[in-house]
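Morning, everyone. Please take a look at the model on the screen, and then I'll walk you through it.

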Amino acid sequence: MWNKCVDIIPDTFKDVTEVFDTICNATSDRQTAAIELAKRSDVMIVIGGKHSSNTIKLFNVCSRYCPSYHIENSDELYKIDLTGASEIGVTAGASTPAYIIKEVILKMSEIQKNQEEEINFAEALEQSFKKIHTGERIKGTIVAVNNSEATVDIGTKHTGFISASELSSDPTKKPEDVVSVGDVVDLVVIKINDQDGIATLSKKKVDEMVGFDNIVKAMEEEKILEGTVQRAVKGGVIVLVDGIGVFVPASQTGLGRDEDIEKLVKQKVSLKLIDVIPQRRRAVGSIKLVAKAAREEAQKKFWEDAEIGKTYKGEVKSITNYGAFVDLGGIDGMVHVSELSWKRIKHPSEVVKVGDTLEVYIKELNQETGRISLGYKKDEDNPWKKFSDSYSIGDVVKATIVSITPFGAFASIIDGVDGLIHISQIANQRVENVKDVLSIGQEVEAKITECDIENKRVSLSMRALLSEDEAEDAENE
C-alpha cells in the first residue's frame with residue numbers, strides 16, 4: 001500500500017518532489033529492543049496481525065538472529081515446536097491488544113508444562129500488564145539517551161520517553177548531562193498512549209517535588225542556600241536552587257538602584273528564604289540578607305584584630321575626588337588622594353581604578369564612627385628620601401621644566417621632586433617674563449641653593465652657574 005501511494009503521489013501532487021520513508025521513535029525503539037532480545041533467545045514469538053507492517057518488520061528483524069514465529073493468537077502456538085528451547089523471547093506489535101499477548105504467554109506456560117517457568121511467566125506477565133496512570137510516580141531505567149530525549153524501561157508494555165525539557169529545570173543542560181544509560185530514576189507519568197505503547201514521563205517534576213520539600217525544610221531551619229541566577233525577570237531574578245526557581249526581588253539582590261540586574265545572571269549566589277507558599281509552590285529569597293550577615297561578621301572580626309600599622313590586601317570598591325575606598329573584607333577604609341602617590345596628582349583615578357587590589361596599612365581608625373584611614377605610599381618609595389640620599393646643597397643638577405609661574409619655573413630633578421627656579425635666579429639680567437626665557441619640557445642645568453626636606457622645598461639657581469664673563473657680558477647688554 002505504501003509503495004502504491006508513493007507511485008501515485010508525484011503524478012497527483014506536482015509540488016511533491018521528495019518522499020521520506022521513516023518510522024517513529026517508538027517503533028524504532030521497539031525494533032531495537034526486539035533485536036537485543038532475539039540475540040539472547042533460542043526462539044522468538046512475534047505477536048500481531050498478519051497484515052500489520054509494524055509486526056511484520058519485528059518478525060523480519062528477529063528472524064535474522066534466531067528461529068522466529070509470527071502468530072496472531074495463542075491457538076497458533078500448537079503449530080510451533082518449542083522442544084529444547086530454554087530461552088523464548090516474546091515481542092508484539094504496538095497495536096496488538098494486551099489480552100492477546102497475555103493469552104499467548106499463558107498458553108506457552110501451559111505447553112511447556114514447567115511449573116517454575118510458569119510462575120516466572122506469570123510474574124513477568126503481571127508486571128508487563130501493570131497499569132500506570134497519569135500523575136503517578138514510578139521508577140524507570142534509562143536505556144538510551146540522545147540530544148533531544150531519554151528512553152526509559154518502566155517495566156510495562158509501554159516505552160517511556162523523557163523529553164529534554166522534562167529532564168531538568170536547567171535549560172543549559174543536555175540530556176547526557178542529566179542521565180546515563182543504566183541509571184534508575186524516579187519519574188512522573190505525564191501522558192499515556194496505549195495505542196502506540198508510549199508513556200510520556202518527567203524527571204523534572206519529581207526533582208521539583210523533592211526540591212520544594214527541601215525548600216520548605218530550609219525555611220523552617222533558616223538555612224542559607226546556594227544557587228545559580230538563571231534569569232532576570234520583571235522586578236528581580238530567578239535563582240535555581242535544587243531544581244526550584246526561587247524569586248529574589250530587585251530590592252533583595254544587594255545591588256544599587258541604578259545597577260544593571262542582568263549582571264547577576266549565571267552567577268552563583270547564597271540566599272536566605274524570606275517567604276514560602278507551599279500551596280502555590282512559590283518561594284521568595286534574599287541575597288542581601290546573607291551578604292549583610294556576612295558583612296557584619298567580617299566587621300566584627302575586623303574590629304577585634306585591627307590596629308594601627310597593620311597591613312591588608314583589599315579591592316578598590318569606589319573612587320571619589322578625595323580618595324579611594326578599599327574593601328578590607330566586609331568593611332571599607334579610605335585612602336586619601338594625598339596618600340595614593342608621592343607625586344602631585346589631581347584625581348585618584350590617575351593611580352588606581354575600581355577592581356584594583358592594593359596593599360594598604362591602617363593609619364588611623366575610630367570604631368565609634370566606623371572611620372578607617374588607610375595609607376598606601378611606602379617610605380622606601382618616598383622620592384624625597386631618595387633625593388636626600390643622593391643630593392646636597394651646592395650640587396649641580398640637570399632638571400626639566402615642568403611648569404611656569406609669574407614668579408619663576410618648577411623643574412623636575414628626579415621623579416617626584418621638583419625645585420623652584422625663582423625668576424631672579426634664571427639669568428644675570430632682569431627677566432620680565434619667564435616664558436621669554438624658559439619653556440615646559442626644556443632641560444636646564446642649575447645649582448641646588450636651598451633644601452628643606454621636611455617641608456619638601458628645593459631652590460635652584462641657573463644664575464649661580466653663569467661665569468663672571470657671562471655675567472659681565474649680560475650687564476653690558
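First, the ground rules. This is a predicted model, where local features need pLDDT of at least 70, side-chain atom pairs count only at pLDDT 80 or more, and totals for chains, interfaces and linings use all residues. Residues are numbered from 1 along each chain as its sequence is written, and side-chain values use heavy atoms, with hydrogens and water left out.

Now the chain. It has 10 helices and 23 strands. Those are DSSP runs, numbered from the N terminus: H or I of at least four residues for helices, E of at least two for strands. Of the 477 residues, 36% count as buried. Buried means under 20% relative accessible area, exposed over 50%, and partly exposed in between, with a 1.4 Å probe and protein chains only. Next, contacts, meaning heavy atoms within 4.5 Å. Take those between residues at least 6 apart in sequence: 61% join residues at least 24 apart.

On to the cores. A nonpolar core is a set of buried Ala, Val, Leu, Ile, Met, Phe, Trp, Tyr and Cys residues joined through side-chain atoms within 4.5 Å. The largest has 23 residues. Phe387, Ile413 and Leu438 are among those with the most contacts inside it. Which strand gives the largest share of this core? That is β20, with four residues. Zoom in on Leu438. Leaving aside neighbours within four places in sequence, Leu438 touches Ile401, Ile404, Ala409, Ile426, Val444 and Met462. There is also a second, separate core of 19 residues, including Val229 and Val269.

Why do such cores turn up? In soluble globular proteins, nonpolar side chains tend to be buried together.

Last, the rings. The structure holds five aromatic pairs. Rings of Phe, Tyr and Trp (its six-membered ring) pair if their centres lie within 6.5 Å; planes under 30 degrees apart count as stacked, over 60 as edge-to-face, the rest as tilted. Phe302 and Tyr312 have ring centres 5.4 Å apart and planes at 40°, so this pair is tilted. Phe302 sits in helix α8 and Tyr312 in strand β14, so the pair ties together parts 10 residues apart in sequence. Both Phe302 and Tyr312 are buried.

Now Trp384 and Phe387. Their ring centres are 6.1 Å apart and their planes at 70°, so this pair is edge-to-face. Trp384 and Phe387 are three residues apart in helix α9, about one helical turn. Trp384 is buried, at 6% relative accessible area. Phe387 is buried too, at 1%.
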